Amino acid sequence: MPDPEVVAPDHTIFVSGDDEEAKLRVGDLLSAMGWRDVLDLGGIRTARATEMMLRMWIDASAALGTHLLGFKIVR
């Protein structure tokens, strides 16, 4: 997370929460760290979806033989 360029030049990081000001601050911090695609999913209940992505990340990591991978939301 601190260096998104290690994985790929452009992949998505997700933000969830009920405090809009806090999400803006987190988004600013992520952008400052180099994240190009920060996607606000909405309220805190949406955090569950990103937690469930862990299983996909583990399986994809094993299949690819590397932990250096990310997800990209194509719009």
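Which residues does threonine 12 touch, not counting residues up to four places away in sequence? They are Trp35, Asp37, Leu39, Phe71, Lys72 and Ile73, where touching means contact, that is, heavy atoms within 4.5 Å. Before we go on, keep in mind that this is a predicted model, where local features need pLDDT of at least 70 and side-chain atom pairs count only at pLDDT 80 or more, while totals for chains, interfaces and linings use all residues. Residues are numbered from 1 along each chain as its sequence is written, and side-chain values use heavy atoms, with hydrogens and water left out.

Let's stay with threonine 12 for a moment. You'll find it in strand S1, residues 12-16; strands (E, at least two residues) and helices (H or I, at least four) are DSSP runs, numbered from the N terminus. Threonine 12 counts as buried because its relative accessibility is 5%. Buried means under 20% relative accessible area, exposed means over 50%, and partly exposed is in between (1.4 Å probe, protein chains only). The side chain of threonine 12 makes a polar contact with the side chain of aspartate 37 at 2.6 Å, and also reaches the backbone nitrogen of isoleucine 73 at 2.9 Å. A polar contact is a pair of N or O atoms within 3.5 Å; within protein, one must be able to donate a hydrogen and the other to accept it, and residues adjacent in sequence count only if both atoms are side-chain atoms.

Now for the charged residues. Side chains of opposite charge can pair when their charged atoms come close. A search of the whole structure turns up eight salt bridges, each being a side-chain nitrogen of Lys or Arg within 4 Å of a carboxyl oxygen of Asp or Glu. One of them pairs lysine 72 with aspartate 10 (3.2 Å, N to O). This pair links distant parts of the chain, 62 residues apart: lysine 72 is in the segment after helix H2 (47-64), and aspartate 10 is in the segment before S1. Lysine 72 is partly exposed at 35%, and aspartate 10 is partly exposed at 36%.

Next, look at lysine 23, which counts as buried at 8%. Lysine 23 forms a salt bridge with glutamate 20, with the closest N and O atoms 3.3 Å apart. Why are these two separated by about one helical turn? Because they sit three residues apart in helix H1 (residues 20-32). Lysine 23 also meets aspartate 40 in a salt bridge (2.9 Å, N to O). Aspartate 40 lies in strand S2 (residues 37-42) and lysine 23 in helix H1, so this pair ties together parts 17 residues apart in sequence.
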